[in-house]
Amino acid sequence: MKIAPPPSASPMAGFLRRRSALPVWADLAWRVVLVFGLIAIVLALHWFGRDGLKDNYDDQISFIDVLYFTTVTVTTVGYGDIVPVSPEARLFESIFVTPIRLFVWIIFLGTAYNLFFRNILYRWRMARIQADLHNHIVVTGFGTSGQEAVNELLARGTDPREIVVIDGSEKALDHAEALGCNVLCGDSTRDKTLKDVAIHRARTMIVSAGRDDTSILITLTARHLAPRLPISIVVRNEDNEVPARQAGATTVINPVSFAGLLLAGSTGGKHIADYMADLAASGGRVKLHERPVLPQEIGQPLSAIGTGLGVRIYRGDHPIGFWEEGARALQTGDCIIEIVEETGATPRADDQ
């Protein structure tokens, strides 16, 4: 099986990240406040300890003298044989010259940041995000299907911080990051990439790599790292549905087949396809819900549940329809599939 090579990585490839909660201007503002706050602390210390300072000009230490001494000290400019001697000159040095010196230092520090400190910062932020990843959803591939899946999850109330998107395209990741999701630029077929997103602690995984062979390999990689992880995979070729299940996929979805179901349903009645789409999307009036049987429901028929309209039971791995004998008495360990009301849905004109 030939695997499609991953797209070229950007300088930020391999780092798990999340959009900052602060806008750019706020991030810059707090940095400026921090700088002036540190200068203010040093200024206060110099002022209270001004008896230890000596002015070679007039032996008098004024506030302007302390301010000048603080600024040249903080910026490591130093002082020597050529120094401002008048208050006006020293005030000018403090107010106008010091910012220029700071900008020069920012240029040098920015170079060092790009070469060294940025990697340290990214690794620190990545470690913090990884520590928060528990019971999250991993989405590999942020193409059309992946984006629709994430949009649907968000529409259903999922916190974007609980979603991790892996893709090789920075353009796609920028969109996912703008939604508030955690993002990682990398190759999902590699163990390291999936370990970086804490795949062993994930709630579920959605695989939509764009190619069936790549998606199946991702599923194989994830399955050996997380044996019990529910994995949903998108395949576009019907022949690949069986290999996908053999690779460890819990759910295999063929969008072409689903579209065919909607089209075929529409021939049996004009409302059938509409209701099927209603069930599948978050914007409809009803939705499918899966839950374990409640203790008070054991022994009752599926039709007696009060939380929704029961349509199927899973007893182990065996599906039982609402019309079958097994649905007449719910048992411990049963999983119920029911149709429930979608709260917050807006009724459409044809529903009224």
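The questions and answers below go through a predicted model, from its overall make-up to single residues.

This is a predicted model in which local features need pLDDT of at least 70, side-chain atom pairs count only at pLDDT 80 or more, and totals for chains, interfaces and linings use all residues. Residues are numbered from 1 along each chain as its sequence is written, and side-chain values use heavy atoms, with hydrogens and water left out.

Me: How many helices and strands does the protein have?
Reply: Helices (H or I, at least four residues) and strands (E, at least two) are DSSP runs, numbered from the N terminus. On that basis the secondary structure comes to 10 helices and 11 strands.

Me: What percentage of the residues in the protein is buried?
Reply: Buried means under 20% relative accessible area, exposed means over 50%, and partly exposed is in between (1.4 Å probe, protein chains only). The protein has 352 residues, and the buried share of them is 34%.

Me: Is S215 buried or exposed?
Reply: S215 lies in helix α7, residues 212-225. Its relative accessible area is 0%. That value is under 20%, so S215 is buried.

Me: Which residue's backbone nitrogen does the side chain of S215 reach?
Reply: Contact means heavy atoms within 4.5 Å. Leaving aside neighbours within four places in sequence, S215 is in contact with V207, S208, A209, G210, I233 and V234. The side chain of S215 comes to 3.1 Å from a backbone nitrogen, that of A209.

Me: What distance separates the end C-alpha atoms of α7?
Reply: The expected span of a helix is 1.5 Å times one less than its number of residues. Helix α7 has 14 residues, so α7 should span 20 Å. The distance between its end C-alpha atoms agrees with this, at 20 Å.

Me: How many residues of α7 are buried?
Reply: The buried residues include D212, S215, I218 and L225. Those that are buried pack against β2, α6, β5, β6 and α8. Helix α7 is largely enclosed by the rest of the structure, because the buried residues number 11 of the 14.

Me: Within what arc do the buried residues of α5 fall?
Reply: In helix α5, residues 170-178, the buried residues are E170, A172, L173, A176 and E177. The arc is that of the directions from the helix axis to the C-beta atoms. Seen down the axis, these residues line one face of the helix, because they fall within an arc of 150 degrees.

Me: Which residue just after α5 takes a positive phi?
Reply: At the start of α5, a side-chain oxygen of S169 reaches to within 3.4 Å of the backbone nitrogen of K171. Just after α5, a positive phi of about 100 degrees is taken by G180.

Me: How many residues apart in sequence are the parts that E162 and R203 tie together?
Reply: A salt bridge is a side-chain nitrogen of Lys or Arg within 4 Å of a carboxyl oxygen of Asp or Glu. The side chains of E162 and R203 meet in one, at 2.9 Å from N to O. E162 lies in the loop between α4 and β3 and R203 in the loop between α6 and β5, so the parts they tie together are apart in sequence by 41 residues.

Note on methods:
A polar contact is a pair of N or O atoms within 3.5 Å; within protein, one must be able to donate a hydrogen and the other to accept it, and residues adjacent in sequence count only if both atoms are side-chain atoms.
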